[in-house]
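Me: I would like to learn how to read a few features of a structure. Please show me the model and take me through them.

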Amino acid sequence: MGDRSVDEATVGCSDDAETRSCPGDLRSDHSSKPTRSKWSHMRQASQGVPPRHMEKALRRKEFQLPPQQHEIIEREMTVLTEESQCGIGKYRPRWLQWLGKQFPMIVLLCVYCSIQGLIVNGLVPSAISSIERRFKFSTSHMGRIVQFYDFGYVLFCIPVSYFGGRHSKPAVLAAGLACMALGSLIFSLPHVMSDSYSASQSNMSYGTCSIESFLQNDMTSPIALAQTACQSEREIQHAATNFYFYLFCFAHFLHGIGATPLFTIGVSYIDENVGTAKSSLFVGIFYSFAVFGPAIGFLGASVSLQYHTDFWHLPPEQILKVSSGETDPTWVGAWWLSFIVASFVGFVAVVPLASLPKVLPASLKFHRTRLHDAAVANRRRTPECCGMPGSNKTAALNSDAPLPEQASLLYSSIPARGSGPLWYKIWLDVRHIPIAIYRILTNWLFMIITLAMAIDSLVVTGASSFMSKYLERQFSVRPSKANLLIGCVMVPMAGLGCMVTGGIVNHFRLNSSKMLKFAIGLIFLSLLFSPMYLIYCPHAPLVGVDSEYPEFDGSIPDYHNETYSKDPELVNTCNKQCTCDPSEYRPVCAELDDGRQFTYYSPCYAGCTESYSASLKEYTQCSCVPNNTKNHPRIVKKGVCEPQCTELLWFLLLFAPLSFCTFAVAVPIISVILRTVDYNERSFALGIQWIMIRVIGTIPAPVVFGWMFDVSCIKYQSDSCGSSVS
């Protein structure tokens with residue numbers, strides 16, 4: 001009888017290979033034959049699926065359970081069947097049942113994932129430069145705003161992943177999407193609540209030297225006028241700036257809360273409803289949309305930033321008085337427009353996502369097999385993974401030995417487990433959280449993988465958050481063009497990497513060991529492309545800041561080959577007759593006949609006495625500009641000088657495979673994590689993992705990289721009140 005029970009317990013598996021990779025589904029017996037001992041819990045947890053040559057042998061017999069255990073399983077399946085209907089609450093009409101399939105499920109989750117990526121990794125990074133100029137924030141301030149996304153994620157990750165994984169997962173996912181959409185709407189409110197940006201910009205001199213002709217005394221100079229109203233303006237602006245800063249932080253905090261269930265509950269919801277054999281493929285598709293979302297965000301931002309932030313309520317003539325175009329450093333695009341559109345799309349997708357069933361009808365066979373295998377293996381198996389009400393034992397206590405007369409799947413029905421007052425149910429859930437955390441933190445393989453991902457995210461998050469600004473600084477590209485390049489190069493390659501690695505893992509049926517080796521190989525491959533950050537375009541020298549003023553005959557000192565005894569100054573003999581405001585930074589470019597380019601701080605410091613010609617798009621009669629400029633002598637064009645180099649192309653050619661390899665690591669790593677923890681602890685384990693990644697990697701990354709941008713400034717622009725802006 002003992003030999004027969006061992007053999008039958010070993011072969012009592014389902015014909016579907018997809019359901020046999022759950023850790024703990026089968027249990028080895030040391031008294032069995034050596035060939036049977038290979039098919040053990042540890043081998044199953046590490047390799048995911050049984051060897052192909054054992055499948056036929058495993059299907060020869062089917063263990064016959066006692067009638068009492070059959071009755072318990074059927075009772076469990078009845079509840080699961082009821083919860084497999086689509087709808088919200090008790091409203092489950094027949095016309096809504098088409099959502100209960102794998103395709104609508106993955107589409108809705110991908111929409112959620114795309115909206116998260118669009119807002120957090122697309123719109124926010126692309127709006128950093130515009131928000132800095134609009135509200136006079138430093139890059140460090142923007143880094144702190146970006147941090148609040150991780151604060152919200154970390155604070156709500158444990159309760160959401162623990163309680164949400166034990167109850168209705170679609171409802172929790174829909175609540176997260178609603179929170180994400182609300183945060184996006186609040187993020188755009190500072191534009192609506194603040195005064196017009198064009199009205200706050202000074203347009204008295206338009207940056208030219210001609211203002212000196214009607215200045216009669218020092219009290220009517222631009223600097224004196226600005227300093228007169230400085231104190232009252234500073235108090236008002238400081239209070240408003242602080243309010244907008246906290247409003248941005250709160251909105252991004254809501255983004256973090258809304259993203260919490262996406263990569264914890266969402267991943268486990270996919271895994272338990274598509275089967276383990278297809279899990280890597282579907283998770284790869286899911287993560288690829290987390291990257292395609294930012295692509296949509298960058299492309300949308302590249303379009304919206306071409307319109308001025310006040311285009312909705314001000315005529316173009318008034319806007320052109322203070323901002324002539326994107327090349328003007330004071331230009332602020334319509335950064336807020338994309339956030340409103342993303343918020344609308346998010347609210348529309350909330351209802352279909354909340355209507356998804358707790359268990360897909362097609363996955364009922366997977367759960368029946370798991371229940372059957374759990375009974376055969378003499379282990380308790382609760383349906384918490386399916387979003388059903390949990391028992392008084394969590395996954396962390398599955399190792400407790402059950403009573404002999406109760407050593408079956410479950411000895412009580414689901415309604416009995418769900419009885420009792422609400423505080424008692426909450427207590428049954430909460431009291432085992434420390435035990436579950438201890439079990440996860442003492443899983444050494446889980447911890448090593450998590451620490452590696454955290455260090456990787458430190459670099460990836462910081463670089464991706466400020467990549468748009470990096471392109472603006474290093475290659476002198478316009479904000480809209482920088483976002484367009486990121487949306488067309490980095491994001492599609494990253495999404496393609498997630499899809500390709502998911503297909504490779506699914507096609508070759510890689511076990512956990514091979515998936516780890518595959519991920520390590522991708523990381524080392526990405527290191528080969530990291531020297532791309534040494535590529536940059538040399539900038540035209542900024543006259544008066546890092547270069548002396550040129551002579552009238554065109555003999556311009558070479559800054560790179562000559563050491564100056566003193567630092568260059570903005571005021572020179574050629575512009576000392578002008579009353580120029582150092583807070584008015586409006587760069588202009590002078591291009592000489594020999595191809596050399598020089599950028600001047602403003603038309604006033606270039607000594608331009610004539611007003612700007614909109615038809616010719618240039619300033620004329622500039623006393624500080626040499627005579628040998630192109631087309632006409634002593635003319636400058638508005639904006640910084642565009643670099644004449646091809647280094648940007650080489651940078652993008654190396655940047656594309658780097659993005660592919662860096663983001664492709666996520667799919668095999670997540671697949672390994674799902675196989676190294678207990679089946680019922682997957683959502684909670686992913687939550688713990690993301691907390692460690694946020695604390696070690698993504699929370700300090702924006703501040704560190706923002707500080708690096710601030711300290712790299714050669715000269716800080718000072719406004720009329722004396723404060724500095726990078």
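**Reading the features**

Reply: The structure holds six salt bridges. Keep in mind that this is a predicted model.

Me: Which side chains meet in a salt bridge at 2.9 Å, N to O?

Reply: Side chains of opposite charge can pair when their charged atoms come close. Here Lys-469 pairs with Glu-132, at 2.9 Å from N to O. Lys-469 belongs to helix 22 and Glu-132 to helix 6 (residues 102-135), so this pair ties together parts 337 residues apart in sequence.

Me: At what angle do the axes of helix 22 and helix 23 cross?

Reply: Packed helices are described by the angle and the distance between their axes. Helix 22 (residues 467-475) and helix 23 (residues 479-508) cross at roughly 125 degrees, and their axes come within 9 Å. Helix 22 is therefore oblique to helix 23. The crossing is right-handed.

Me: Which residues of helix 22 and helix 23 meet?

Reply: Helix 22 brings Met-467, Ser-468, Leu-471 and Glu-472. Helix 23 brings Pro-479, Ala-482, Asn-483, Leu-485 and Ile-486. By class, this contact has six nonpolar, two polar and one charged residues.

Me: What is the strand order in the open sheet?

Reply: Strands of a sheet pair through backbone hydrogen bonds, parallel or antiparallel. This open sheet has four strands in the order 1-3-2-4, and its pairing is mixed. Strand 1 (542-543) and strand 4 (637-638) are the edges, each pairing on one side only.

Me: How many bridges join strand 2 to strand 4?

Reply: Two bridges join strand 2 (residues 588-591) to strand 4, and the two strands run antiparallel. Cys-589 has Lys-637 in strand 4 as its bridge partner.

How values were computed: Residues numbered from 1 in each chain as written. Predicted model: local features only at pLDDT ≥ 70, side-chain atom pairs only at ≥ 80, totals over all residues. Heavy atoms only, no water. Axes fitted to C-alpha atoms, helices over the stretch in contact; angles between N-to-C directions. Parallel < 35°, antiparallel > 145°, perpendicular 65-115°, else oblique. Left-handed = near helix turned anticlockwise from the far one by under 90°. Contact = heavy atoms within 4.5 Å. Nonpolar A, V, L, I, M, F, W, Y, C, P; charged D, E, K, R; others polar. Pairing = 2+ DSSP bridges. Salt bridge = Lys/Arg side-chain N within 4 Å of Asp/Glu carboxyl O.
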